Amino acid sequence: MTMPWRADLGDGTYRNPVLNADWSDPDVVRVGDDYYLTASSFGRVPGLPLLHSRDLVNWTLVGHALDRLGPDADFAVPRHDCGVWAPSLRHHAGRFWIFWGDPDHGIQQINAEDIRGPWSAPHLVKAGKGLIDACPLWDEETGEAYLVHAWAKSRSGIKNRLTGHRMSPDGRELLDEGTTLVDADTIPGWFTLEGPKLYRHDGYFWIFAPAGGVETGWQGAFRSRTFAGPYEERVVLAQGSTEVNGPHQGGWVRTAAGEDWFLHFQARGAYGRVVHLQPMRWDGGGWPVIGDEGEPVLGHRRPKAPEQTVEAPASSDDFPGGRYGRQWQWTANPRTGWTVGHGGDGLRLSCVRTAYAHDLRVLPNVLVQRLPAEEFTVEVGITLDTGEPGAKAGLAVLGDAFSWIGLEAGADGKARLVHRYAESVAEHERDAEHPRPAPGAAVRVRIEVTRGARCRFYADTGDGAGFRASGQVFAATPWRWVGALLGLFATAPAGNGPSGTAGFTAFRTTGRPRNI
């Protein structure tokens, strides 16, 4: 089975993106010979993904740091663009620390001795609306601790500004009212300054921060001899003559071999924000030079590091023992009973009763994962183990618009193959193809995704005809800040009493499909 995307070319070089999926707003830290990365998870649960690598090119997902989002009532329903924004990952005093801003509640912090947990309960460091992109710094020379954050104008009326605080060494409270470290309104041509990462290097306080907006921005670097400033600035990475739009917002890391590297995202529409790895050096004036003289590279030699197996975060899943893998998240805080335990392989979902089954975007019980590459094929087997009219289960491409294919019990209780979709402006799904019988209430479905996130749906009902195309090509769309997702779901009409279950087996993602 081919991997949907391989960054390590096996000849001592790699190609970008090193993470070809929506690992938005990445931050990275090295501990010994190991590298760890986290990213925005917004309103999905569990949150704060944790990835591990030994060479910055090959990554695996080892867990999540946040079991649930709070307040619980706020995330009982999907809030796709809210929740965890732009976390920072650090290692200090023998512990891992993650700080992040929830734009509706404030800056929060958790910590753990081991990256795999257990993690502490979230602690609110600074309450308020519009407080985002928080990053701590512990100055190992002086013992002082600091925090910097940005602002979301949508909640606070403030933007293009970075605020700094002195912080208690235990990371639990701020010691002053805060001061403006950088007001980018005073810098000609700079706008939407955000996503700061705070460092100490060569006698300076450094703030690496993007500006210019998600799609077309650039990476800035600011330095000052004192935390309070004044800071001087420079653009250190921009698109230039390349095809990599908006190469910015990420983290700097120094390897055990003494090399410097920078990880950043590139916004790619329905695919979300994919992650690139850039070489980095320091010029004669002490400023960072990222990529090829300030422009992103599409490939490079690998960082000097021990050989590592070619890896990427898992996307296929056999659901061993009835359990789903780490790559899956719910679209809201999960509730007891959404999954049904059993001893064999394959996932069994309850057909959750709801009055909103006509719109997958508002359902909390959709199990989702990122699109794993620009071009790929996904397949899964589906069974509908209920005759309740209106009960249904399927495989979806879910975003601001959505489309799904799967099974539905008709008025007579017999399963039929259905394919439905809803445009961004639609509040109710409609047929993408005429329903047809599904003998045995079982089907294997396939989605082939090609460039531009163009999705072609197929189904094999076991009638001997094999996979047959269904409906028109569907163009996946992102939410405002989140890329489109693959999703599994099972629902039943509102009411009382048992509603049955649906089964999902052999979820497979493979490399590039044929053209459509």
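Which residue in β15 is the bridge partner of L198? I looked it up, and the partner is I207.

**Ground rules.** I am working on a predicted model, where local features need pLDDT of at least 70, side-chain atom pairs count only at pLDDT 80 or more, and totals for chains, interfaces and linings use all residues. Residues are numbered from 1 along each chain as its sequence is written, and side-chain values use heavy atoms, with hydrogens and water left out.

I took strands as DSSP runs (E, at least two residues), numbered from the N terminus. I called two strands paired if DSSP finds at least two bridges between them. β14 covers residues 197–201, and β15 covers residues 204–211. The two run antiparallel and are joined by five bridges. They form a hairpin with two residues between them. In the turn, D202 has a positive phi of about 55°. I then checked burial (buried is under 20% relative accessible area, exposed over 50%, partly exposed in between; 1.4 Å probe, protein chains only). Four of the five residues of β14 are buried, so the strand is largely enclosed by the rest of the structure.

**Largest pocket.** I used a 1 Å grid over the protein atoms alone; a pocket is an open set of points where a 1.4 Å probe fits, with protein on both sides within 12 Å along at least five of seven lines, and lining residues have an atom within 4 Å of a point. The largest pocket has 22 lining residues. Nearest its centre lie R90, L137, E140, Y199 and R200. Two or more lining residues each come from β2 (27–31), β6 (85–92), β10 (131–138), β14 and β18 (248–254). β14 gives the largest share, four residues.

**Q108.** Is Q108 buried or exposed? I found it buried, with a relative accessible area of 13%. Q108 sits in strand β8 (residues 106–112). I listed its contacts (heavy atoms within 4.5 Å). Leaving aside neighbours within four places in sequence, they include F99, W100, H123 and L124.

**The four-stranded sheet.** I traced an open sheet in the order β18-β19-β20-β21, with antiparallel pairing. β18 and β21 (288–290) are the edges, each with a single partner strand, so one side of each is left without a neighbour in the sheet. Six bridges join β18 to β19 (residues 260–267).
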